[in-house]
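Work through the exercises below with the model open. Try each task before reading its solution.

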2 protein chains.
Amino acid sequence: MTNKTWRVGVAGLGTVGGGLLQFLADRPDFAPAGDRAVVTAVSARSKSRPRTVDISGLTWFDDPVALAGSSDIDLFVELVGGSDGPAKAAVETALKAGKPVVTANKALIAEHGAELAALAEARGVPLMFEAAVMGGVPAVKIMREALVGDDIDSVAGILNGTCNFILSEMEKTGRSFADVLREAQALGYAEADPTMDVGGFDAGHKISILAALAFGCAPNFAAAEIEGISNVELLDIKLAKDLGYRIKLVASASRTDHGVAVKVHPSLAPLDHPLAQAGGALNALFIEGRRVGRIFVQGPGAGAGPTAAAVAADIADVMTGAVRPVFQAPAGELKPFIAVDPSRTVGKAYLRIMVRDEPGAIAAISETLAECGVSIDSFLQKPVEGAGGVPIVLVTHATPESNLLDAISRIEKLHAVLERPRLLRVARI
Amino acid sequence: MTNKTWRVGVAGLGTVGGGLLQFLADRPDFAPAGDRAVVTAVSARSKSRPRTVDISGLTWFDDPVALAGSSDIDLFVELVGGSDGPAKAAVETALKAGKPVVTANKALIAEHGAELAALAEARGVPLMFEAAVMGGVPAVKIMREALVGDDIDSVAGILNGTCNFILSEMEKTGRSFADVLREAQALGYAEADPTMDVGGFDAGHKISILAALAFGCAPNFAAAEIEGISNVELLDIKLAKDLGYRIKLVASASRTDHGVAVKVHPSLAPLDHPLAQAGGALNALFIEGRRVGRIFVQGPGAGAGPTAAAVAADIADVMTGAVRPVFQAPAGELKPFIAVDPSRTVGKAYLRIMVRDEPGAIAAISETLAECGVSIDSFLQKPVEGAGGVPIVLVTHATPESNLLDAISRIEKLHAVLERPRLLRVARI
């Protein structure tokens, strides 16, 4: 317990950065081990923008890279965002200068994590990113530190609060995706350009990071199979519920004999399952370990308070002087990421098939499914006003993805079928 | 990353100790930072007892205290159990000798934690106890490390898997407490002497530890208000369910302006609440922080696998060289534990009143409740075969505990009332 004062440089002064500055101004001695953390220098896009926190006493840098390399700071906090550009340059600069880095940047870690880990470990400094995944829920710490004595088989959960809010609101209010998205943007739950969130990319970054921590491989965002929620229709939300499911954007990573599968899909979760019950902007995650069994964590996945608290916890961890690899193993020993061929995936699926109201439609569809080796677990035909045809929905038993896609292509060509069947996965949770 | 080999001494070779020995024998290099952990010496009650793991190559100590003080070990793992006696003496001996200690002993930490923390911090060595609370769910790490940037207002949850199993089975099978306890003992879920578990003391130890971590006070098991499950009747499980609740043994710690309240009670949780849905031997915990919001964690709270994994994670943490206070603050700076006067507690309650089937019973009871300032939220009268009278059950609005106890004493004396009303709390979750 050295009672050192750490001079902290913060790049990025949005809500998280502002929350962090306020917190450290109020409680510089928050870390129990006795060291203090004081923000001495900052960088942001605009120096003069009105802010809730006073930065007049701090050294200003126009360029985050210059801040990162400044000899006047002992620890660099990166809240700029973006997988490349100034965020990456600044983090590299800080690490090369031997300064510990704390970041909330999921894109940066998911896309360049192994490279940055190698840099950090070569210099013997920590690279921390608790705030990148699940906000204030310490998913990274749990995976990296608490489960170090375990072999993880899978992680699966809800990692994007914006999508969870939109899907929950669609179900609750019966409004369309586009309507609810506009409301979420007005409330500040969704960005002006919502692509990162609703496209599933944000969840994809987060699950790529968790996969690396779980399986000891380098993070590999490029290998993730990603589908967002912008094509989720109210009709499917309603029909899935009739079948006993709720549609959630589920991110999952699992390890099989064939490799690692990292996926983000709108997926059906049974109504009585904890993931189905995590509503609003909540995040939730199951971790399945061979020794520890199934662990479930849930909490607010974003927001200034939780995210700033996660950054502060990382700063406190840096102060302890703990030496750990950035991921599950030193960067040089991370296993290669071998992606499972998606067509080899086996799982239950939901199919919605819009048909003309004519005799023989069900017979033709069920024959085609049988020919493709797809067997049916539950089935629902229900007239829906204004749906443009009659929806036939069914949930299959576990089926290889290749059989499913084959069946879908063949069903699409049936005379009674109006459009390509809608495929959603049933979450394996 | 020093690539040192840590010689580990393990006292106590039950299922957890055996699991740990096997794990470290299989994977001495499990810790990612590069150090190795090798068990070199052990102590247990009987040297010759048949074991699944071979201890013939290890140094044997009849006395755990002698093992703890041996200069042939670098780290001492205490799995003996018990708040005093050899466990305490051994931990003290190891700490005084400057050796890091990892323990799964909740009684020891709940009853002597502050004293042991002072000893550990004076010698500058870690005292770790992740395995003491919630098995493989890293509740201690979350409270101590991840929420260091937050102010915690309350923690509440299910911390004893044996009680949760018994209550779940009573509801599922309609059998009595005594019947299900016998089954739990036969399955190995309950000890031959089940008092620690079913009396609520085990949960009391765990919540006392969490309270200390949450509020920065010394753990104070003696101040905990503890009620076990041995008086929970099947009748109350059924009637509570009719009112929309499930009875769980809920341990809680909250901070108010008047002090800290640490409690263990059989309590009603709404059926759709995550705590009500954590069945079987699961443990579950809500943590409410001012910055982070509400975090929920759930998982297996006991068992050789999860507990040994938690011990292993603590060993890995020791190897990182991190320096932290044992609790939320250095032992010398822990706040005094000021217990809230229980009569000042305000909450909703469940009352079951057994009455003679005669006119005026409900009128007399509701008048008495009104006179005592207890107002009723929901009410149920339902004939139950073989219950010896007619049960009237009600859930109150939030009421000061003193008013409730006053009402109960007065209702007990009413002519129509057959016995002292049964009081259960509605969990504040």
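Predicted model: local features only at pLDDT ≥ 70, side-chain atom pairs only at ≥ 80, totals over all residues.

**Exercise 1. Trace the open sheet in chain A and find its edges.**

Solution. 
- Start with the strand order. The sheet in chain A is open, has 6 strands and reads S3-S2-S1-S4-S5-S6. Its pairing is parallel.
- Now go to the ends of that order. S3 and S6 (127-128) of chain A are the edge strands. Each has a single partner strand, so one side of each lacks a neighbour in the sheet.

**Exercise 2. Which residues face each other across the paired strands of chain A?**

Solution. 
- Take S1 (residues 5-11) and S2 (residues 36-43) of chain A. They run parallel and are joined by 7 bridges. Val8(A) has Val39(A) in S2(A) as its bridge partner.
- Follow the chain between these two strands. From S1(A) it passes through helix H1 (residues 15-26) of chain A to reach S2(A). This β-α-β crossover is right-handed.
- S2(A) pairs with S3(A) in the parallel sense over 3 bridges. Here Ser43(A) stands opposite Phe61(A).
- Turn to S4 (residues 75-78) and S5 (residues 101-103) of chain A. These parallel strands are joined by 3 bridges. Val77(A) stands opposite Val102(A) in S5(A).

**Exercise 3. Find the strand order and the edge strands of the open sheet in chain B.**

Solution. 
- Read the order. This open sheet of 6 strands runs S3-S2-S1-S4-S5-S6 in chain B, with parallel pairing.
- S3 (59-61) and S6 (127-128) of chain B each pair on one side only.
- S4 (residues 75-78) and S5 (residues 101-103) of chain B form 3 bridges in the parallel sense. Val77(B) has Val102(B) in S5(B) as its bridge partner.

**Exercise 4. Classify Ile362(A) and Thr399(A): buried, partly exposed or exposed?**

Solution. 
- Locate Ile362(A). It lies in helix H13 (residues 361-371) of chain A.
- Apply the cut-offs. Buried means under 20% relative accessible area, and exposed means over 50%. Ile362(A) has 33% relative accessibility, so it counts as partly exposed.
- Now take Thr399(A), in strand S17 (residues 399-400) of chain A. Thr399(A) has 2% relative accessibility and therefore counts as buried.
- List what touches it. Beyond neighbours within four places in sequence, Thr399(A) contacts Thr345(A), Val346(A), Gly347(A), Gly373(A), Val374(A) and Leu404(A).

Terms used: Residues numbered from 1 in each chain as written. Chains lettered and ligands numbered in written order. Heavy atoms only, no water. Helix = DSSP H or I, 4+ residues; strand = E, 2+ residues; numbered from the N terminus. Buried < 20%, exposed > 50% of the residue type's maximum accessible area, 1.4 Å probe, protein only. Pairing = 2+ DSSP bridges. Right-handed = clockwise from strand over helix to strand, strands pointing away. Contact = heavy atoms within 4.5 Å.
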